[in-house]
Amino acid sequence: MSSSRSTSPPSGTPAGPGTPAPPAPLPRAAVAAATVRLRAAGCVFAEEEAALLAEAAASGEGEGLTALDRLVARRAAGHPLEHVVGWADFAGLRIAVGPGVFVPRRRTEFLLALARDLLALAPDPVPVVVDLCCGSGAAAAALAASGRATEVHAADIDPVAVAWARHNLGGTGAVHEGDLYAALPATLRGRVAVLVANVPYVPTADLPLLPAEARTHEPLVALDGGGDGLAVLRRVAAGAAGWLARGGTLLVETTGRQAGAAREVLGAAGLAPALHHDEDRAATVLTGTRPA
């Protein structure tokens, strides 16, 4: 299967009467052999990955062992596991992903948790949520599933990401294609309660240091944050106050090394910045709140 970019995410299981029977598991010997191949390819969690690949292969239509061989070959060649199996585990959801789209990271669940807390306190009966640089739409989909009535919008400049986000939101939110705020309906100005922007923040010079599967199989636009890694953040921060409701908050992910400079960027944009860190997830998030 090619690693070329596709704008056609999977359509999902067709609707039909009854509940389909779970697929029969593949032979243990085949899974054990897959584990050996993955370990030889340098996969640290070879046993767990082999089990996931076997599950994906068994879920196909009659391909079984042939499918497992193909999936293991792709993973051993360096394709992201999530692209190979077709989904990423994020905040309790299976987010559909594939070649050409950024894979949501588990550390971003910290940003999501902060966003959910803010959403719970939003005074508007139906608060507006925006996910900029949405990628697969993982954050937007998780916030749409938060249990509170919300008006959810997601946007990305990459048409491949937009296609995946529309698939993942499945009608629970609107997905727009365009460059940051230019993609959003003008009617959202001054109304956004929670603005999530998981901007690219890797300095251009550090891109060669990323894991090969990210460099090769994820879009550069989702990774490259410019000279100091803050180029896109500056643009997001500069426009945030005009889109946020009074008391609304922007949330961005960053690194400990960049946190000080990023905090100054939010403050210079007229937002009240605060720094949050989660040791377990090794995640750093900055929030910037528009004064009430």
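How do the axes of helix α2 and helix α3 cross, and within what distance do they come? The close-ups below look at this helix pair and at one histidine, all in a predicted model.

**View 1. Helix α2 meets helix α3.** Here's the answer: the axes of α2 (residues 46-58) and α3 (residues 65-76) come within 9 Å and cross at roughly 135 degrees. Angles over 145 degrees would count as roughly antiparallel and 65 to 115 as roughly perpendicular, so α2 and α3 are oblique to each other. Their crossing is right-handed.

**View 2. The residues where α2 and α3 touch.** On the α2 side, look for Glu49, Leu53, Ala54, Ala56 and Ala57. Facing them from α3 are Ala67, Leu68, Leu71, Val72 and Arg75. Sort these contact residues by type and you get eight nonpolar, two charged and no polar ones.

**View 3. Histidine 153 in its strand.** Now for the histidine, which sits in strand β4, residues 151-156. Is histidine 153 buried or exposed? With a relative accessible area of 7%, histidine 153 falls under the 20% cut-off, so it counts as buried.

**View 4. The partners of histidine 153.** Zoom in on the side chain of histidine 153 and you'll find a polar contact with the side chain of glutamate 151, at 2.9 Å. Another polar contact, of 2.9 Å, links the side chains of histidine 153 and histidine 176. Leaving aside residues up to four places away in sequence, histidine 153 touches Val128, Val129, Val130, Asp131, Ala174, His176, Pro185 and Leu188.

Methods:
Residues numbered from 1 in each chain as written. Predicted model: local features only at pLDDT ≥ 70, side-chain atom pairs only at ≥ 80, totals over all residues. Heavy atoms only, no water. Helix = DSSP H or I, 4+ residues; strand = E, 2+ residues; numbered from the N terminus. Buried < 20%, exposed > 50% of the residue type's maximum accessible area, 1.4 Å probe, protein only. Polar contact = N/O pair within 3.5 Å; in protein donor to acceptor, adjacent residues only side chain to side chain. Contact = heavy atoms within 4.5 Å. Axes fitted to C-alpha atoms, helices over the stretch in contact; angles between N-to-C directions. Parallel < 35°, antiparallel > 145°, perpendicular 65-115°, else oblique. Left-handed = near helix turned anticlockwise from the far one by under 90°. Nonpolar A, V, L, I, M, F, W, Y, C, P; charged D, E, K, R; others polar.
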